[in-house]
Amino acid sequence: MPTMKRFTSLTRLTPNSGSTSSTPEVIAAANTEGLAAVLFPPFKQEHNMSAQHIFDDTPLGSIIRYSDGTLKPPTRFTKKLEHWERNNGSGRLIRTSPGRTVGNYHCPASFTLHEGDYGGGSIVLIVLQRSFNVDTRLRFAVIESPALSYVRVPEQYGTVTDLLHLAGSHEAAARWLKQHPHSNAVLEEVMTDKPSLQAA
(Lines give C-alpha, C1' and ligand atoms only; values in the text may rest on other atoms or scores of the structure.)
Protein backbone atom coordinates (compact mmCIF):
# COMPACT_ATOMS: atom_id res chain seq x y z
CA MET A 1 0.00 0.00 0.00
CA PRO A 2 1.56 3.36 -0.97
CA THR A 3 2.52 5.51 1.98
CA MET A 4 2.78 9.26 2.52
CA LYS A 5 6.58 9.21 2.41
CA ARG A 6 6.42 8.19 -1.25
CA PHE A 7 4.47 11.36 -2.11
CA THR A 8 6.59 14.00 -0.42
CA SER A 9 5.31 16.79 -2.71
CA LEU A 10 1.65 15.87 -2.22
CA THR A 11 -0.81 16.51 0.59
CA ARG A 12 -3.58 14.23 1.77
CA LEU A 13 -6.81 16.01 0.92
CA THR A 14 -9.68 15.99 3.39
CA PRO A 15 -12.96 15.23 1.55
CA ASN A 16 -15.07 18.39 1.21
CA SER A 17 -18.86 18.20 0.95
CA GLY A 18 -18.86 21.53 -0.86
CA SER A 19 -16.50 20.44 -3.63
CA THR A 20 -17.51 21.13 -7.21
CA SER A 21 -14.98 18.71 -8.67
CA SER A 22 -16.30 16.30 -11.30
CA THR A 23 -14.43 13.49 -9.55
CA PRO A 24 -16.79 11.40 -7.36
CA GLU A 25 -15.92 11.82 -3.71
CA VAL A 26 -16.97 10.33 -0.42
CA ILE A 27 -17.29 12.54 2.64
CA ALA A 28 -16.85 11.08 6.08
CA ALA A 29 -19.44 10.65 8.80
CA ALA A 30 -16.55 11.52 11.09
CA ASN A 31 -13.08 12.91 10.49
CA THR A 32 -10.98 10.16 8.88
CA GLU A 33 -7.81 12.24 8.58
CA GLY A 34 -4.84 10.16 9.64
CA LEU A 35 -6.60 6.80 9.53
CA ALA A 36 -3.52 5.20 8.03
CA ALA A 37 -1.43 6.39 10.98
CA VAL A 38 -3.60 4.79 13.67
CA LEU A 39 -2.01 2.10 15.86
CA PHE A 40 -3.01 -1.47 15.02
CA PRO A 41 -3.22 -3.60 18.17
CA PRO A 42 -4.39 -7.22 17.71
CA PHE A 43 -8.09 -7.53 16.96
CA LYS A 44 -10.42 -8.38 19.79
CA GLN A 45 -12.21 -11.64 19.10
CA GLU A 46 -15.57 -9.94 18.52
CA HIS A 47 -14.00 -7.58 15.95
CA ASN A 48 -12.12 -10.26 14.05
CA MET A 49 -14.05 -10.61 10.78
CA SER A 50 -13.36 -12.38 7.52
CA ALA A 51 -13.50 -10.67 4.14
CA GLN A 52 -16.61 -12.73 3.38
CA HIS A 53 -18.30 -11.25 6.45
CA ILE A 54 -17.46 -7.72 5.27
CA PHE A 55 -18.82 -8.47 1.80
CA ASP A 56 -22.03 -10.07 3.09
CA ASP A 57 -23.02 -7.83 6.00
CA THR A 58 -21.22 -4.48 6.01
CA PRO A 59 -23.03 -1.43 4.55
CA LEU A 60 -21.38 0.80 1.98
CA GLY A 61 -19.81 3.87 3.56
CA SER A 62 -18.47 2.00 6.58
CA ILE A 63 -14.86 2.55 7.63
CA ILE A 64 -13.02 -0.76 7.58
CA ARG A 65 -9.69 -1.66 9.10
CA TYR A 66 -7.67 -4.59 7.76
CA SER A 67 -4.70 -6.38 9.29
CA ASP A 68 -2.45 -9.40 8.97
CA GLY A 69 -2.25 -9.62 12.76
CA THR A 70 1.40 -8.58 13.02
CA LEU A 71 2.85 -5.67 14.98
CA LYS A 72 4.07 -2.58 13.14
CA PRO A 73 7.87 -2.69 12.79
CA PRO A 74 10.09 0.28 13.71
CA THR A 75 10.49 2.90 10.97
CA ARG A 76 14.20 2.08 10.58
CA PHE A 77 13.26 -1.28 9.04
CA THR A 78 12.15 0.22 5.73
CA LYS A 79 11.40 -2.95 3.78
CA LYS A 80 9.62 -4.63 6.68
CA LEU A 81 7.56 -1.47 7.24
CA GLU A 82 6.55 -1.29 3.57
CA HIS A 83 5.48 -4.94 3.66
CA TRP A 84 3.48 -4.32 6.84
CA GLU A 85 1.76 -1.27 5.33
CA ARG A 86 0.59 -3.36 2.39
CA ASN A 87 -1.26 -5.66 4.78
CA ASN A 88 -2.44 -3.21 7.44
CA GLY A 89 -4.56 -0.14 6.85
CA SER A 90 -8.05 1.27 6.70
CA GLY A 91 -10.48 2.86 4.29
CA ARG A 92 -14.11 3.49 3.45
CA LEU A 93 -16.11 0.71 1.80
CA ILE A 94 -17.11 2.05 -1.62
CA ARG A 95 -17.66 -0.97 -3.88
CA THR A 96 -18.93 -4.56 -3.80
CA SER A 97 -18.47 -6.92 -6.74
CA PRO A 98 -20.08 -10.40 -6.74
CA GLY A 99 -18.05 -13.34 -7.99
CA ARG A 100 -18.26 -14.35 -11.63
CA THR A 101 -17.13 -17.18 -13.86
CA VAL A 102 -15.72 -16.65 -17.36
CA GLY A 103 -15.01 -19.91 -19.15
CA ASN A 104 -12.86 -22.00 -16.83
CA TYR A 105 -11.82 -19.01 -14.74
CA HIS A 106 -13.67 -18.08 -11.57
CA CYS A 107 -13.21 -14.62 -10.07
CA PRO A 108 -14.25 -14.54 -6.41
CA ALA A 109 -16.45 -11.83 -4.94
CA SER A 110 -14.58 -8.72 -3.79
CA PHE A 111 -14.95 -5.32 -2.18
CA THR A 112 -13.01 -2.06 -2.48
CA LEU A 113 -11.86 0.43 0.14
CA HIS A 114 -11.10 4.09 -0.55
CA GLU A 115 -7.94 4.83 1.42
CA GLY A 116 -7.39 8.49 0.57
CA ASP A 117 -6.88 11.24 -1.99
CA TYR A 118 -3.57 13.00 -2.49
CA GLY A 119 -2.78 16.15 -4.40
CA GLY A 120 -1.97 19.83 -4.22
CA GLY A 121 -4.40 22.57 -3.27
CA SER A 122 -7.87 21.31 -4.21
CA ILE A 123 -6.64 19.15 -7.11
CA VAL A 124 -6.72 15.37 -6.64
CA LEU A 125 -3.73 13.76 -8.35
CA ILE A 126 -3.74 10.29 -6.80
CA VAL A 127 -6.72 8.30 -5.55
CA LEU A 128 -5.75 5.35 -3.36
CA GLN A 129 -8.14 2.40 -3.45
CA ARG A 130 -7.60 -1.25 -2.61
CA SER A 131 -9.71 -4.28 -3.46
CA PHE A 132 -9.89 -7.53 -1.50
CA ASN A 133 -11.16 -10.91 -2.62
CA VAL A 134 -13.38 -12.70 -0.11
CA ASP A 135 -10.81 -15.50 0.14
CA THR A 136 -8.01 -13.26 1.46
CA ARG A 137 -6.37 -14.33 4.71
CA LEU A 138 -6.35 -10.78 6.06
CA ARG A 139 -8.70 -10.00 8.94
CA PHE A 140 -11.10 -7.06 9.12
CA ALA A 141 -12.96 -4.89 11.61
CA VAL A 142 -15.69 -2.28 11.15
CA ILE A 143 -14.42 0.91 12.74
CA GLU A 144 -17.46 3.04 11.95
CA SER A 145 -20.79 2.65 10.17
CA PRO A 146 -22.65 5.52 8.46
CA ALA A 147 -24.87 7.49 10.85
CA LEU A 148 -28.63 7.15 10.50
CA SER A 149 -28.91 10.77 9.36
CA TYR A 150 -26.64 10.17 6.38
CA VAL A 151 -27.62 9.55 2.75
CA ARG A 152 -25.60 7.45 0.30
CA VAL A 153 -25.40 8.03 -3.44
CA PRO A 154 -24.71 4.57 -4.93
CA GLU A 155 -24.61 3.62 -8.59
CA GLN A 156 -25.35 0.16 -9.93
CA TYR A 157 -23.58 -1.36 -12.94
CA GLY A 158 -24.94 -4.84 -13.42
CA THR A 159 -24.10 -6.64 -10.19
CA VAL A 160 -21.44 -4.12 -9.11
CA THR A 161 -22.42 -1.35 -6.69
CA ASP A 162 -20.27 1.79 -6.35
CA LEU A 163 -20.63 4.39 -3.61
CA LEU A 164 -20.17 7.76 -5.32
CA HIS A 165 -20.86 10.00 -2.34
CA LEU A 166 -21.88 9.98 1.30
CA ALA A 167 -23.72 13.10 2.46
CA GLY A 168 -24.93 14.33 5.80
CA SER A 169 -28.50 14.96 4.63
CA HIS A 170 -30.95 14.27 1.80
CA GLU A 171 -30.59 17.85 0.58
CA ALA A 172 -26.79 17.64 0.47
CA ALA A 173 -26.91 14.32 -1.39
CA ALA A 174 -29.41 15.68 -3.96
CA ARG A 175 -27.30 18.80 -4.44
CA TRP A 176 -24.15 16.73 -5.01
CA LEU A 177 -25.90 14.49 -7.53
CA LYS A 178 -27.22 17.53 -9.41
CA GLN A 179 -23.67 18.84 -9.68
CA HIS A 180 -22.26 15.40 -10.61
CA PRO A 181 -24.92 13.64 -12.74
CA HIS A 182 -24.81 9.84 -12.95
CA SER A 183 -27.49 8.05 -14.95
CA ASN A 184 -27.74 5.02 -12.65
CA ALA A 185 -27.35 6.78 -9.31
CA VAL A 186 -30.00 6.84 -6.59
CA LEU A 187 -30.34 8.36 -3.12
CA GLU A 188 -30.22 5.76 -0.37
CA GLU A 189 -31.03 6.70 3.19
CA VAL A 190 -29.01 5.02 5.93
CA MET A 191 -31.49 3.03 7.99
CA THR A 192 -31.37 0.33 10.66
CA ASP A 193 -33.13 -2.20 8.42
CA LYS A 194 -33.32 -2.41 4.63
CA PRO A 195 -32.17 0.82 2.89
CA SER A 196 -34.72 3.13 1.33
CA LEU A 197 -33.99 3.79 -2.36
CA GLN A 198 -35.18 7.01 -3.92
CA ALA A 199 -35.01 7.83 -7.61
CA ALA A 200 -32.57 10.59 -8.41
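Tutor: Start with strand pairing. In this predicted model, β2 pairs with strand β8 (residues 139-144) in the antiparallel sense, over 5 bridges.

Student: Which residue of β8 does R65 stand opposite?

Tutor: A141 in β8 stands opposite R65.

Student: In what sense do β2 and β3 pair, and over how many bridges?

Tutor: The sense is antiparallel, with 4 bridges between β2 and β3. Take I63 as a reference point: its bridge partner in β3 is R92.

Student: Is β2 mostly covered or mostly open?

Tutor: Mostly covered. Of its 5 residues, 5 are buried. Now look at the side-chain directions. I63, R65 and S67 point one way from β2, while I64 and Y66 point the other way. Residues on both sides are buried.

Student: Now the helix. How do I read which way its residues point?

Tutor: First the general idea. An α-helix has 3.6 residues a turn, so residues three or four places apart point the same way.

Student: Which residues of α2 are buried?

Tutor: They are L81, W84, E85 and N87. Their arc around the axis is only 165°, so they sit on the same side of α2.

Student: What do the buried residues of α2 pack against?

Tutor: Three strands: β2 (63-67), β3 (89-97) and β7 (123-133).

Student: Let me take one of those residues. Where is N87 found?

Tutor: N87 is in helix α2, which spans residues 78-87. The cut-off for buried is under 20% relative accessible area. N87 has 17%, so it counts as buried.

Student: Which residues does N87 touch, beyond those up to four places away in sequence?

Tutor: Y66, S67, D68, R130 and L138.

Student: Next, R95. Is R95 buried or partly exposed?

Tutor: R95 is found in strand β3. Its relative accessibility is 22%, so R95 counts as partly exposed. The limit for buried is under 20%.

Student: What is R95 in contact with, leaving aside neighbours within four places in sequence?

Tutor: The list is L60, S110, F111, T112, Q129, V160, T161 and D162. Look at D162 again. The side chains of R95 and D162 make a polar contact at 2.3 Å.

Student: How far apart are the C-alpha atoms of R95 and L163?

Tutor: They are separated by 6.1 Å, although R95 and L163 are 68 residues apart along the chain.

Technical notes: Residues are numbered from 1 along each chain as its sequence is written. This is a predicted model: local features need pLDDT of at least 70, side-chain atom pairs count only at pLDDT 80 or more; totals for chains, interfaces and linings use all residues. Side-chain values use heavy atoms; hydrogens and water are left out. Helices (H or I, at least four residues) and strands (E, at least two) are DSSP runs, numbered from the N terminus. Buried means under 20% relative accessible area, exposed over 50%, partly exposed in between (1.4 Å probe, protein chains only). Contact means heavy atoms within 4.5 Å. The arc is that of the directions from the helix axis to the C-beta atoms. A polar contact is a pair of N or O atoms within 3.5 Å; within protein, one must be able to donate a hydrogen and the other to accept it, and residues adjacent in sequence count only if both atoms are side-chain atoms. Two strands pair if DSSP finds at least two bridges between them.
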